[in-house]
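I opened this entry to record what I looked up in one chain, going from the overall fold to single residues.

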Amino acid sequence: RFAARLEIYRLPEFMWVAAVTNRAGIQAFAFSPAADELAVSTRLGVELWNTRTWESTRELTDFRGLLYG
């Protein structure tokens, strides 16, 4: 079982930046090409996060396992 919390660190200094918590275990995640959004896939859908504020911006419940292409 995967955790519902994802910890974000900045490299190369490995500095903690944020933690995002989802309603279900995380299956996959990916940053947008511009790095301004984070997509987190769970069994319930895909949740999108703003990487400046680290707030959830929307949830796509009709998608599972679909991230940026």
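**Basis.** I am working with a predicted model, in which local features need pLDDT of at least 70 and side-chain atom pairs count only at pLDDT 80 or more, while totals for chains, interfaces and linings use all residues. Residues are numbered from 1 along each chain as its sequence is written, and side-chain values use heavy atoms, with hydrogens and water left out.

**Fold.** I looked up the elements and found zero helices and six strands in the protein chain; helices (H or I, at least four residues) and strands (E, at least two) are DSSP runs numbered from the N terminus. Of the 69 residues, 33% count as buried, where buried means under 20% relative accessible area, exposed over 50% and partly exposed in between (1.4 Å probe, protein chains only).

**Core.** Which residues make up the largest nonpolar core? I noted nine: Leu6, Ile8, Ala18, Val20, Ile26, Leu38, Val40, Trp49 and Trp54. Strand E1 (5-10), strand E2 (15-21) and strand E4 (37-42) each supply at least two residues of this core. By definition, such a core is a set of buried Ala, Val, Leu, Ile, Met, Phe, Trp, Tyr and Cys residues joined through side-chain atoms within 4.5 Å. In soluble globular proteins, nonpolar side chains tend to be buried together.

**Thr51.** I then turned to Thr51, which is found in the loop between strand E5 (45-50) and strand E6 (56-60). Thr51 counts as buried because its relative accessibility is 15%. A polar atom of the Thr51 side chain lies 2.8 Å from the backbone oxygen of Ala35. Leaving aside neighbours within four places in sequence, I list Phe31, Ala35, Asp36, Glu37 and Leu38 as the residues in contact with Thr51, contact meaning heavy atoms within 4.5 Å.

**Ala35.** Ala35 has a positive phi of about 65° although it is not a glycine, and I class Ala35 as partly exposed because its relative accessible area is 45%.

**E1-E2 loop.** What is the form of the peptide bond from Leu11 to Pro12? I recorded it as cis, with omega near 10°, and Pro12 is found in the loop between E1 and E2. Phe14 is found in the loop between E1 and E2 and has a positive phi near 55° in a residue other than glycine. Phe14 counts as exposed because its relative accessibility is 54%.

Terms used. A polar contact is a pair of N or O atoms within 3.5 Å; within protein, one must be able to donate a hydrogen and the other to accept it, and residues adjacent in sequence count only if both atoms are side-chain atoms.
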